[in-house]
Amino acid sequence: AHENTGLQSQPPPEEQNYGATAAHVRQSPFVSVSRKGPAKRDYLIAAVLCYANLINFMDWFMVPGILLDIQKYFELSDGDTGLLQTVFILCYMLAAPIFGYLGDRYNRKIILEAGIFFWSGVTLGSSFISELYYWIFFLSRGLVGIGTASYSTIAPTIIADLFEEGKRTTMLSIFYIFIPVGSGLGYVLAAGMADVTGDWHWAFRITPCMGGLALVLLILLVPHETQRRTAAHRALSITGTIRVAAEKPGVYRTAKTTWCQDVISLAKNWSFVWSSLGLSAMAFVTGALGMWVPLFLYRAQVVQGIVSPCFQESCNSSNSLIFGGITIGTGILGVIAGAEAARRLRKINNKADPLICATSMFISALCLYIALMVAQTNILSTFIFIAFGELFLSVNWAVVTDILLYVVTPRRQSTAIALQILVSHLLGDAGSPYLIGIISNAIQAKNSHSFQWSFWSMQYSFIVCAFVGVFGGGFFLLTSFYIEEDRKEAER
């Protein structure tokens, strides 16, 4: 899941250049906003936004890092535990389009500051909830999801406004690398604080302090509103002169189409449809892995006799620490490797992007299946195969974004991005943690209560992820049949 927020980096519709008018727009007297190069201040603002993005994703993955402690403290079943992340993702997913709408129309700096203040405050408050009020803890995770949505939707657009085209791609890539880094650090911080203090509540008291620092830096360093691009394009759009060429030469129509027309057009774009379903499969797998892997490894170690069952309040968090490290490393490596592989292979094959995605999904599914099968006998092998599974999943994040941007015509890209985010979370990581927990519950309910069955129930329910991964690979293969045609159509 973690990543797909990257798709929101497109400027809003009124800021985009449409088709043939792009060249004229660049030469317009209104658009003399470019400078010799980005100022030091711009890099400083980008650094502050990257830092806040790090905290954003640390907050996402604090709960999985100390899942065992939380499960025991509130006495939750596997199903209820899975619901924690589902509540978070659902609130995030539903709030993102609202903040996207507000960010296009109101002061983005104020929305960012309010979002960071809100989610940091709620995170701090959630560390004082007693075991009797587990429903307030669930509510607090939903509210944190709403807060982080405000940041994920708006911060990339500020970076996109600060830098010209060549630099913009580089700066956005750096911004998105903080997604796997933040996710992994979330595990490490939560597990580390629980170990050091002997109380998992302290994990939720560190990121609010970091958030406070981010808020101060935002207030001091980020100007009241960055409107370099928006002002230029708004001046043009007032006259209504932006038009796009229709399919027939010489015929023009305005760029304005209704939202319903855009959605219908996208539904007929098979490359967009199949790649979005492939992305949903990726989100399903990453959501389930992110939530349950440390707990699954703990149960495997108990069955093997490597660790003794944990009955006190603070449990051994070494699995979360190792898994956090793996997530950071494979995330960075995967994103870079995927972008590089696509760059090289596109020169040879026009269908390279969907084929890379399909291949990496199949390999990832196989690695995860092997990891599950060897867990009862060899923990080291399990870690190795989980690492490869995560690496091949991470290869796809940047490549899927590229596919969307060249198979969808520019005037529909914002709608396409919003739809893809909604669909991939709805069919993916919004439900997968809960589904795995529910299946595990159902298997445990039919068998004797033992450590062996608590491990098997999780192992059997996790196999769903391997099958979904295979389906994801299939969806990307289907994308490859339509991609050349849809690309030409979008260019036309």
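**Stop one: a capped helix**

Select Asn107, which caps the N-terminal end of helix 6: one of its side-chain oxygens sits 2.9 Å from the backbone nitrogen of Lys109. (Helices are DSSP runs of H or I, at least four residues, numbered from the N terminus.) Before going on, note that this is a predicted model, where local features need pLDDT of at least 70 and side-chain atom pairs pLDDT 80 or more, while totals for chains, interfaces and linings use all residues. Residues are numbered from 1 along each chain as its sequence is written, and side-chain values use heavy atoms, leaving out hydrogens and water.

Now pick residues 108-126, helix 6 itself: its end C-alpha atoms are 27 Å apart, in agreement with the 27 Å its 19 residues should span at 1.5 Å a residue (1.5 Å times one less than the number of residues). Its buried residues include Ile111, Leu112, Ile116 and Trp119; buried means under 20% relative accessible area, exposed over 50%, partly exposed in between, with a 1.4 Å probe and protein chains only. Show helix 2 (40-60), helix 5 (78-105), helix 7 and helix 9 (207-221) too, as they are among what covers those buried residues.

**Stop two: Gln85**

Jump to Gln85 in helix 5. Is it buried or exposed? Gln85 counts as buried because its relative accessibility is 5%. Leaving aside neighbours within four places in sequence, Gln85 is in contact (heavy atoms within 4.5 Å) with Trp60, Phe61, Pro64, Met291 and Pro433. Look at Trp60: its backbone oxygen lies 3.5 Å from a polar side-chain atom of Gln85.

**Last stop: Leu139**

Finish in helix 7 (residues 134-162), at Leu139. Leu139 counts as partly exposed, at 48% relative accessibility.

Note on methods
Helices (H or I, at least four residues) and strands (E, at least two) are DSSP runs, numbered from the N terminus. A polar contact is a pair of N or O atoms within 3.5 Å; within protein, one must be able to donate a hydrogen and the other to accept it, and residues adjacent in sequence count only if both atoms are side-chain atoms.
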